[in-house]
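Me: I have a structure open and would like to learn how to read it. Could you walk me through it?

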Amino acid sequence: MLTIGDEPVYEVFARRVEGEPLRHVGSVAAPGDALARVYARSIYDEESWIEMYVVPRRAIIPVDDVRDEAVDAHA
Amino acid sequence: MPDLFGTPVPMSTPLLDRPSALPGECRAPLVDLIVALADNKHALGIRYAEWCSSGPTIEAGVAATAMAQDELGHARVLYGLLEELPGAPRRSEHEWSAADARTVRFVEAPFQSWPHLIVANLMVDRSLAMVLETALESRYLPLRHRARKIIEEERYHAIHGQSWVAQLAVEGADVRARLAEAVESVWDETLCWFGPPDGGALRPLVDAGVLAGAGDPVRTRFAAEVGPALAAAGVPAPVHGAGARWELARPLPWNAWNEPARRIR
């Protein structure tokens, strides 16, 4: 487990209504999936989302190789 | 929802949809329980809020803020329940007085450190939630409806407490020692909160189906949840695993327990 201040970033996605595409709403830094869920729920509470997801940034694969370095730096 | 406590409440028993339907012997213990639940939640909300801008990370501070809002909201919802009950003291979040509040000692003063907040989250917050979980199928509908709304939010508080204990445990021996010290100071009052072995003053509420359980059955559930979490984090606590059961390693101070105020004298 990582020490405080060194947590990986999770991207947060959510949907307001049925049929609406998932949209990227922001990101949180958390030591694990469980706290990432808690943090996403408390930080991005401006809407009554019907669904919300957290995705480890390292799990998001850049399609264009050029972006690799920028993404890795924040994962 | 399965009956977690094996308490037989006949399906044919009518629901209690208003205060006047409550059996007479249930009123005083229900009022005492609601006042203590709400006062503890109000105090916990204030304590969480003091860490809004000083958590170890920005995310942690925001989560503490959200939990503070939840707890203050739960207190308000529970104070609303008192307004309907004859003979209940007048309480509201606007007239709240710490001197008069029926709270456990651990939430009476600001938390000394983030590990203290996390222990309050893991122990005090969770024990209050576990008592409210016994009302999820309550025959007293005003309580059932409020308990369901509260428990929905409490799921995230439980995840927060468990995750943070694990996170703090890897920060080093001094942080674990601080966690252990906080656990020790809150232990007896938290474990007494579920009531004496047979439920004590809460027994009439269990018999009437207002609560699904009290006393030892609820305490056993709590020990089986908090015991493994503390053991995995390497935090010493007076509880040990015995197979699937987790048992308390020392007796609770029942001679000092103030049942109506739900606190140790």
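Reply: Gladly! Helices and strands here are DSSP runs, numbered from the N terminus. Keep in mind that this is a predicted model. With that in hand, chain A reads β-β-α-β-α along its sequence, with 2 helices and 3 strands.

Me: How many of the 75 residues of chain A count as buried?

Reply: A residue is buried if 20 or more other C-beta atoms lie within 10 Å of its own. By that count, 25% of the 75 residues in chain A are buried.

Me: Which residues touch the most other members of the largest nonpolar core?

Reply: The general idea first: in soluble globular proteins, nonpolar side chains tend to be buried together. In this model the largest nonpolar core has 93 residues, and those touching the most other members are A:Y39, B:V119, B:V124, B:V165, B:V183 and B:L205. Helix α3 of chain B (residues 114-133) supplies the largest share of this core, 13 residues. To see one member up close, pick B:L205: leaving out residues up to four places away in sequence, B:L205 touches B:C26, B:P29, B:L30, B:V210, B:L211 and B:A214.

Me: And where do the chains meet? How many residues does each give to the contact?

Reply: Chain A contributes 17 residues and chain B 13. On the chain B side, α2 (58-84) and α4 (141-169) are the elements giving two or more residues, and α4(B) gives the most, with 5. That side of chain B comprises 7 nonpolar, 4 polar and 2 charged residues.

Note on methods:
Residues are numbered from 1 along each chain as its sequence is written. Chains are lettered from A and ligands numbered from 1 in the order in which they are written. This is a predicted model: local features need pLDDT of at least 70, side-chain atom pairs count only at pLDDT 80 or more; totals for chains, interfaces and linings use all residues. Two residues are in contact if their C-beta atoms, placed from the backbone, lie within 7 Å. Helices (H or I, at least four residues) and strands (E, at least two) are DSSP runs, numbered from the N terminus. Ala, Val, Leu, Ile, Met, Phe, Trp, Tyr, Cys and Pro count as nonpolar, Asp, Glu, Lys and Arg as charged, and the others, Gly among them, as polar. A nonpolar core is a set of buried Ala, Val, Leu, Ile, Met, Phe, Trp, Tyr and Cys residues joined through C-beta atoms within 7 Å. A residue is buried if 20 or more other C-beta atoms lie within 10 Å of its own, exposed if 12 or fewer, and partly exposed in between; C-beta atoms are placed from the backbone.
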